[in-house]
Amino acid sequence: AAGMFLRLLSDIQWRAAHPKWRTMSSSQRSTSTTAEPHPVSLPAQAQVVICGGGITGTSVAYHLSKMGWKDIVLLEQGRLAAGTTRFCAGIVSTARPVSIELKMAHYSNKLYQQLEQETGVQTGYMKTGSISLAQTQDRLISLKRIASSLNVMGIPCEIISPKKVLQLHPLINIHDLVGAMYVPEDALVSSANVSLALATAASRNGVQIHERTSVSHVTVQKGRVTGVETDRGRIQCEYFVNCAGQWAYELGHSGEEPVHIPLHACEHFYLLTHPLKEPLSSSLPTIVDPDGRIYIRNWQGGILSGGFEKNPKPLFTEGRNQLEIQNLQEDWDHFGPLLSALLRRMPGLEALQIMQLVNCPESFTPDMRCIMGESPTARGYFVLAGMNSAGISYGGGAGKYLAEWMVNGYPSENVWSLDLKRFGTLQSSRTFLRHRVMEVMPLMCDLKVPRWDFQTGRQLRTSPLYDRLDAQGARWMEKHGFERVKYFVPPGKDLLDLDHSKTFYKPDWFDIVGSEVKCCKEAVCVIDMSSFTKFEISSTGDQALESLQYLFSNDLDVPVGHVVHTGMLNEKGGYENDCSIARLSKRSFFMISPTDQQVHCWAWLKNRLPDDSNLVMEDVTWKYTALNLIGPRAVDVLSELSYAPMTAEHFPSLFCKEMSVGYANGIRVMSITHTGEPGFVLYIPIEYALHVYNEVMNMGQKYGIRNAGYYALRSLRIEKFFAFWGQDLDAFTTPMECGREFQVKLEKFLGQEALLEQKQNGVYKRFTMFILEDHDTDMDLWPWWGEPIFRNGRYVGKTTSSAYSYTLERHVCLGFVHHFDEKTGEELVVTTDFINQGEYEIDIAGQRFQAKAKLYPFSSLFTQRRRKDEVELSGYQRE
Amino acid sequence: FYLTPAQVNSILKANEYSFKVPEFDGKNVSSVLGFDSNQLPANAPIEDRRSAATCLQTRGMLLGVFDGHAGCACAQAVSERLFYYIAVSLLPHETLLEIENAVESGRALLPILQWHKHPNDYFSKEASKLYFNSLRTYWQELIDLNSGETTDVREALINAFKRLDNDISLEAQVGDPNSFLNYLVLQVAFSGATACVAHVDGVDLHIANTGDSRAMLGVQEEDGSWSAVNLSYDHNAQNEHEVERVKMEHPKSEEKSLVKQDRLLGLLMPFRAFGDVKFKWSIELQKRVIESGPDQLNDNEYTKFIPPNYHTPPYLTAEPEVIHHKLRPQDKFLVLATDGLWETMHRQDVARIVGEYLTGVHHQQPIAVGGYKVTLGQMHGLLTERRARISSVFEDQNAATHLIRHAVGNNEFGTVDHERLSKMLSLPEELARMYRDDITIIVVQFNSHVIGAYQNEE
């Protein structure tokens with residue numbers, strides 16, 4: 001049966017048309033028993049070696065060769081497009097909730113559309129459109145959110161009624177539907193042929209393609225790729241691209257220096273039928289029924305229907321395994337629930353004859369997003385894998401971004417959410433991956449409401465106070481494997497269970513967080529912030545200062561004991577990291593960055609700091625527990641515990657001092673809170689953590705101290721217009737664009753030229769705060785992030801984060817405003833006047849709310865008047 | 001009087017126990033997937049016992065059923081002690097030395113067995129010291145003997161059975177200053193027990209059997225059907241070889257009196273057993289021990305009664321017959337059960353019922369469309385039906401319980417008849433033994449993947 005299927009999906013004609021690499025591969029595709037000779041030997045060296053001849057590998061090769069790189073070898077262990085790519089359903093869908101994924105899919109669609117013309121290879125491209133169905137109101141809201149995103153991208157898309165669904169697709173049972181989203185330009189392709197077309201074009205551009213060649217491992221010397229070892233000999237190369245799909249993890253671990261690529265395969269099933277009596281039109285739209293967990297497309301007059309079951313079957317946990325490959329068979333009992341969903345959706349198909357149930361493993365990642373980018377440990381080792389069953393939709397765009405990354409040093413879009421460096425070794429355990437992908441695969445169809453968390457693979461990294469906080473009602477979320485408190489449920493109060501708490505409206509924790517915020521404002525709260533990444537950089541001489549001065553935009557040559565907020569910028573002036581750096585001594589610095597910077601920031605600095613044994617960088621994240629004391633009474637608690645005066649005269653803002661707290665000595669106290677509220681962060685060697693925490697809580701009682709979580713912190717920082725890296729700031733945002741000129745020094749540093757240029761010519765986007773005006777907190781949908789911003793009725797950008805401000809009693813959204821030329825769409829300079837002279841609306845799932853734009857925070861929110869140079873994070877008050 | 005299905009279930013499931021060999025990272029490297037066991041009493045208290053344990057200092061797993069007679073004391077003792085004797089017999093010299101040194105210097109002992117026990121499977125606290133000392137003497141002798149050869153499983157099993165029976169006999173002869181223990185060791189020795197024990201290590205399956213319990217292998221043929229392979233021989237009057245053996249061991253003059261009414265000396269059903277010193281000791285020894293023994297023993301007519309035609313003891317041995325079988329991928333499960341099961345069910349039926357149960361729960365024969373013309377609707381109907389069937393099988397979570405349900409409740413058509421089941425289970429204590437015997441079952445499920453992998457290695 002498999003042989004038959006190969007013939008069905010693949011068009012054999014491409015082979016004859018492109019004899020250049022025909023000789024290197026099998027002449028008889030369907031009979032693979034005879035061993036093939038390898039008439040063309042491998043080159044001894046190449047600039048780039050790509051491993052994997054699926055959609056990702058061929059896409060990378062295609063784009064690299066288009067960008068002018070020619071010395072490329074693509075190796076495929078079997079035959080081109082014969083793995084997951086051959087078996088995938090061939091649906092190109094732009095209906096994606098994450099904006100970068102949407103962009104990739106959009107690009108892929110455009111690329112595939114013209115591919116046949118470009119290469120002469122039939123790709124089976126057919127613009128059928130897709131309809132995503134909603135069985136519930138919540139589902140419809142999530143579709144409307146996607147529709148808003150698509151519309152502002154210029155991708156046609158509409159929310160339609162069930163009746164309209166029936167008009168578009170006569171077989172659908174619409175009785176249980178509340179609505180649907182129609183994306184008319186979504187398409188179908190023969191995925192294998194798309195891949196072959198890309199290979200053909202790449203081959204014409206000089207890429208050498210060798211089938212039946214497997215890479216055994218990649219050699220790395222002094223942190224750089226030097227070559228690959230294959231079963232047919234060695235190839236020296238500068239760049240290696242791991243596009244090995246579900247084998248990428250194993251390949252990453254095969255070398256001496258492992259490259260951790262956290263993905264895990266799951267079995268994926270879909271059904272093929274014979275044609276209907278009256279064969280289905282090949283232009284019939286694809287149906288996605290997430291509540292039924294299925295998708296249905298027309299296929300050769302019949303249908304192709306698969307889905308994402310609740311009980312996935314992970315496989316290859318221990319790596320490639322012949323037994324498991326043989327056992328990849330049709331499992332009808334497993335497919336049963338999806339078949340029920342299919343017949344419920346299209347009852348008329350009862351009499352349709354089955355052709356085959358295809359079992360095609362797909363690889364999934366810990367956060368449902370694909371993996372691309374360069375290894376943090378081996379330079380020149382690039383990865384593109386883990387497509388989470390959307391390889392065809394993303395393949396084109398992802399290949400383009402990766403090619404740009406390799407050629408230019410950075411991709412043309414912010415791909416941080418896909419960057420390999422968002423993961424570290426901690427996500428690389430097979431047990432973790434096995435458990436996590438079993439959650440991820442069903443999640444493909446589950447409703448994703450604001451602030452959902454993964455439930456598997458938890459409690460990996462915890463603060464020493466974890467049990468103490470948990471016993472006091474802490475509810476947890478996870479970042480980079482670290483458990484962080486969302487909020488504390490007071491004794492006697494019950495929240496809804498996980499399933500029932502899912503909402504796009506006002507959440508059940510609203511009042512709880514409100515009281516934590518109030519306590520931060522009026523008394524003092526403790527938030528465990530141990531997850532933040534902490535590095536120490538020191539040197540024997542001035543090396544540390546000199547190097548850091550170049551790599552950070554703010555002046556670090558400050559008196560010992562000062563804390564500096566600074567960006568770590570790239571050549572374009574964009575934020576690679578946003579951190580606080582304390583000068584501990586003349587020659588040592590203590591650096592605090594966001595939790596998920598642990599791998600990226602380390603790699604960034606490692607690659608740029610001079611190779612000098614007298615300059616030492618150490619990751620001390622695990623050594624310290626961080627307690628953030630927020631609130632006006634933090635001063636009192638701390639001075640009582642240390643017998644040291646903590647008032648602003650003795651301990652001004654943005655200061656750092658080692659002192660004793662309780663019995664514990666050597667506590668690093670910094671007068672920052674990451675919220676704009678007064679207070680301190682205590683960096684406590686972990687063995688003292690429990691003692692200091694107990695002391696703080698005991699002493700704090702008379703000042704009304706209580707525990708608080710990250711939700712309170714977020715509300716506080718957003719109402720004060722504080723940008724957070726990873727949410728608001730990214731590698732495409734400069735200090736100029738978010739009003740942080742004051743964090744930029746005059747001396748030479750990386751990215752300075754770009755900033756000077758912006759200073760001269762102006763910025764093309766501006767970080768802005770929006771206060772929702774006519775939004776009813778109780779009744780209206782809440783903003784999350786990614787909501788389109790409209791100025792005078794025209795789209796100008798998207799929000800990046802949002803929170804309810806308990807002080808303003810309004811929702812606050814942060815986001816970037818662009819200025820697109822009304823006629824050409826060209827990006828123009830954004831001036832203060834442009835921001836101030838507009839009427840704004842924020843689009844939440846299709847509903848627009850009036851918003852007031854502000855470039856400066858409400859000064860009334862800052863409880864203490866501070867000296868100019870002490871203003872934390874935000875410098876707006878200076879103006 | 002009528003039991004509801006729920007009441008029936010609570011009776012049937014009271015003693016059920018399941019053990020799944022722990023997986024590491026989703027993978028089980030053992031040739032055993034796990035086992036289900038259960039007991040249904042007819043005697044009050046039940047005289048059957050069961051044991052299961054993993055050997056910690058050597059590889060392999062031990063499982064056994066023990067059918068007691070003339071009380072449960074012997075079966076209880078054997079169920080507690082036999083696996084230790086086997087495990088010790090299997091230990092290499094260095095490990096024995098290590099253990100002995102630990103005991104000598106009062107250090108913590110290496111654990112020898114990991115038991116898998118139902119809460120009702122108890123161990124005698126009072127006798128543990130006594131049992132331990134006997135066991136220690138055994139390993140000390142093994143250390144002194146140090147043959148230097150690697151331990152053969154067959155030999156180890158035979159030695160362990162014989163040694164334990166010998167120790168039971170000796171302990172009864174020596175007695176114990178503690179009157180409770182003194183009475184206990186006598187009870188153990190004067191009652192009897194059969195034993196059917198399996199040792200599984202990779203593809204090597206050894207069955208050591210003494211008496212009339214039985215071990216049976218469930219084999220799945222290529223066409224999916226089930227067949228049974230016996231891995232033990234009953235030691236009773238129906239076994240010609242066994243009758244022959246007994247006759248060989250005694251003078252021709254006794255030929256007529258040895259086996260009467262299908263019983264040994266006209267009294268005992270099994271031809272091999274632990275304990276039962278009445279069939280092993282000389283008349284003088286029996287009299288001496290009983291006279292010096294506690295009053296309870298003297299008052300017991302059974303113990304005082306000397307079997308007729310008792311001329312050349314011993315008539316009975318605990319020496320097991322050992323069968324070695326190399327497991328194959330088609331060997332899906334092993335059933336160990338006391339004669340209570342085999343009296344009511346043919347082994348072929350046992351193989352089928354367990355086989356269908358296990359595949360129903362774990363891997364119902366997969367459906368393949370192949371070249372057939374199947375519509376979506378037909379497939380949907382078929383799947384729905386299969387799901388319904390599985391959920392009815394799910395009434396029993398335990399293969400042994402499922403088997404007992406059939407053994408007790410089967411009607412003439414071979415299906416479980418609730419009315420019959422209800423009647424059989426609500427029999428008053430004194431009647432129950434007339435309609436059925438104690439039933440003890442262990443169903444061991446094998447890991448065909450691992451067994452297949454072993455096979456490929458060889």
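How far is the sulfur of Cys55(B) from the closest cysteine sulfur? In this predicted model, the closest one belongs to Cys196(B), and the separation is 16 Å, too far for a bond. A disulfide is a covalent bond between the sulfur atoms of two cysteines. The cut-off applied here is a sulfur pair within 2.5 Å. Cys55(B) is also buried, at a relative accessible area of 5%. Cys74(B) gives a second case: its closest cysteine sulfur is in Cys72(B), 10 Å away, which is again too far for a bond. Cys74(B) has a relative accessibility of 0% and therefore counts as buried. Over all chains, the number of disulfides is 0.

The aromatic rings come next. A pair of aromatic rings is described by the distance of the centres and the angle of the planes. Over all chains, 41 aromatic pairs are counted. In the pair of Phe721(A) and Phe767(A), the ring centres are 5.1 Å apart and the planes meet at 25 degrees, so the pair is stacked; the limit for that class is under 30 degrees. This pair links distant parts of chain A, since its members are 46 residues apart. Phe721(A) belongs to the loop between helix H20 (710-719) and helix H21 (752-761), while Phe767(A) is in strand E36 (residues 765-772). Phe721(A) and Phe767(A) are both buried.

Trp226(B) is part of strand E9 (residues 226-230) of chain B and Phe333(B) is part of strand E14 (residues 331-337) of chain B, so the pair ties together parts 107 residues apart in sequence. Trp226(B) is buried at a relative accessible area of 10%, and Phe333(B) is buried at 0% relative accessibility.

Strands E9 and E14 of chain B both have a pairing with strand E8. Strands of a sheet pair through backbone hydrogen bonds, either parallel or antiparallel. E8(B) pairs with E14(B) in the antiparallel sense over 6 bridges, and with E9(B), also in the antiparallel sense, over 5 bridges. Val219(B) stands opposite Asp331(B) in E14(B), and its bridge partner in E9(B) is Ser227(B). The hairpin of E8(B) and E9(B) has 5 residues between the strands, and Gly224(B) takes a positive phi near 95 degrees there. Strand E8 (residues 214-220) of chain B is mostly covered, with 7 of its 7 residues buried. Both of its faces are covered: one side carries Arg214(B), Met216(B), Gly218(B) and Gln220(B), the other Ala215(B), Leu217(B) and Val219(B).

Back in chain A, ring pairs link a cluster of Tyr487(A), Trp509(A), Phe510(A), Tyr711(A), Trp782(A), Tyr804(A) and Tyr806(A). Tyr711(A) also has a charged residue over its face: Arg714(A), at 5.4 Å from the ring centre. A further arrangement of this kind involves Arg430(A), whose charged end sits over the ring of Tyr249(A), 4.1 Å from its centre.

Chain A also contains an open sheet of 8 strands with mixed pairing, in the order E6-E7-E5-E15-E16-E17-E14-E19. Strand E6 (158-160) and strand E19 (354-359) of chain A are the edge strands, each pairing on one side only. On average, neighbouring strands of this sheet are turned by 20 degrees against each other, direction ignored. Within the sheet, strand E5 (residues 130-134) and strand E15 (residues 286-289) of chain A run parallel and are joined by 3 bridges; Ser132(A) stands opposite Val288(A) in E15(A). Helix H11 (residues 332-345) of chain A lies across several of the strands, including E5, E15 and E19, and runs at about 60 degrees to E14(A).

Another open sheet in chain A has 3 strands in the order E3-E8-E4, with antiparallel pairing. Strand E3 (91-92) and strand E4 (126-127) of chain A each have a single partner strand, so one side of each is left without a neighbour in the sheet. E3(A) is joined to strand E8 (residues 187-188) of chain A by 2 bridges, and Ile91(A) stands opposite Leu188(A) in E8(A).

Notes:
Residues are numbered from 1 along each chain as its sequence is written. Chains are lettered from A and ligands numbered from 1 in the order in which they are written. This is a predicted model: local features need pLDDT of at least 70, side-chain atom pairs count only at pLDDT 80 or more; totals for chains, interfaces and linings use all residues. Side-chain values use heavy atoms; hydrogens and water are left out. Rings of Phe, Tyr and Trp (its six-membered ring) pair if their centres lie within 6.5 Å; planes under 30 degrees apart count as stacked, over 60 as edge-to-face and the rest as tilted. Helices (H or I, at least four residues) and strands (E, at least two) are DSSP runs, numbered from the N terminus. Buried means under 20% relative accessible area, exposed over 50%, partly exposed in between (1.4 Å probe, protein chains only). A charge sits over a ring if NZ of Lys or CZ of Arg is within 6 Å of the ring centre and within 35 degrees of the ring normal. Two strands pair if DSSP finds at least two bridges between them. Axes are lines fitted to C-alpha atoms, for helices over the stretch in contact, and angles run from 0 to 180 degrees between N-to-C directions. Contact means heavy atoms within 4.5 Å.
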